[in-house]
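Colleague: I'm new to this one. Can you walk me through how it packs?

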Amino acid sequence: MSAVTELLQQVVEGVGSGAVYASLALALVLIHRFTGIVNFAQGELAMISTYVAWQLVASGMPFWLALPVTLAVSFAGGMLVERIVIRPVRNAPELTMVIVTVGLFIFVNAIAGLIWSFTVKDFPQPFPGGGIDLGGVRVDWSSLGIIAVVAVVMGLLYVLFQHTSVGLVMRAVAGNPASARLSGIRVGRVLMLGWGLAATVGAVSGVLVAPVLFLEPNMMGGVLIYAFAAATLGGFDSPVGAVVGGLFVGVAETLAGAYVDVVGADLKVGVPLVIILAVLLVRPQGLFGRAAVERA
């Protein structure tokens, strides 16, 4: 395999991983746009949704039937989290919100371990094995499937936000909740809807990554770090930035592991941390984000 072909192979593998990071980063961005909260429990909500999918498949339900059922459960669960956990402290200081989401992280992780134990479980691969060869570069069907699913999610979100009345209302609340409330919009319900959508998108990332990492309560911890890097790079107020950031982080991680001896396979988790630090120092709002402007 030539050097160029090997480089392209690494890029293709990175894009497949980056699509998963983009999906979870998209969930983080949705929550932040609607509430201003950085949800540290987003990965754990995705994890417990993945367990729901696993339970349905284990009971005999076909995967592609279990998936929409899981997404519906995730949507309802996200709305309940907003109503029961987040809304009572919605006007609290930012540090309080951070503590609440970290507490939710610990609680959901413990509940998953209590119900399903911390034993590693196999999760079915929804896509066929094998792949295609493009000029010496092998592209697995699983990578193509992951990219396709994330593209469909992005397309559906675009249609929702840009071409429906519900999306118009959600954008109004995200832009200025106080003005939206004065216009007669029930902001509380819209925020519940936003949390439900974020939980649904996050569930997609969990289901996509579980066949690769195996299913256990701590599986999303590392993925959440990469998703944070993706959202930071793209901008926490930009869904497009989350996807672009996720793909970039995935490719950067793969290339660093393959070509930087110091990094290798063991220190690849340092790549997103370096990206986060560099972005915060150079362009804190991210590549696609808008800098906050305060008037005196």
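Predicted model: local features only at pLDDT ≥ 70, side-chain atom pairs only at ≥ 80, totals over all residues.

Colleague: At what angle do helix 1 and helix 5 pack?

Modeller: About 25°, with the axes of helix 1 (residues 3–35) and helix 5 (residues 141–163) 8 Å apart. Angles under 35 degrees count as roughly parallel, so helix 1 is roughly parallel to helix 5.

Colleague: And is the crossing of helix 1 and helix 5 left-handed or right-handed?

Modeller: Left-handed. On the helix 1 side, the contact residues include Val15, Gly16, Ala19 and Phe34, while helix 5 brings, among others, Ser143, Ile146, Met154 and Phe161.

Colleague: How do the residues of that contact divide into nonpolar, polar and charged?

Modeller: There are 13 nonpolar and three polar residues in the contact of helix 1 with helix 5, and no charged ones.

Colleague: Switching topic: which residues have the most contacts inside the largest nonpolar core?

Modeller: Phe123 and Met220, in a core of 77 residues. Helix 1 gives the most to this core, with 13 residues.

Colleague: What does Phe123 touch?

Modeller: Leaving out residues up to four places away in sequence, Phe123 touches Thr50, Ala53, Trp54, Phe63, Val207, Ala210, Pro211 and Leu215.

Colleague: Where do helix 2 and helix 8 come in, and how do they cross?

Modeller: Helix 2 is residues 42–58 and helix 8 is residues 187–213; their axes come within 7 Å and cross at roughly 65°. This crossing of helix 2 and helix 8 is right-handed. Thr50 and Ala53 of helix 2 are among the contact residues, as are Val207 and Ala210 of helix 8. By class, that contact has seven nonpolar, six polar and no charged residues.

Conventions: Residues numbered from 1 in each chain as written. Heavy atoms only, no water. Axes fitted to C-alpha atoms, helices over the stretch in contact; angles between N-to-C directions. Helix = DSSP H or I, 4+ residues; strand = E, 2+ residues; numbered from the N terminus. Parallel < 35°, antiparallel > 145°, perpendicular 65-115°, else oblique. Left-handed = near helix turned anticlockwise from the far one by under 90°. Contact = heavy atoms within 4.5 Å. Nonpolar A, V, L, I, M, F, W, Y, C, P; charged D, E, K, R; others polar. Core = buried A, V, L, I, M, F, W, Y, C linked by side-chain atoms within 4.5 Å. Buried < 20%, exposed > 50% of the residue type's maximum accessible area, 1.4 Å probe, protein only.
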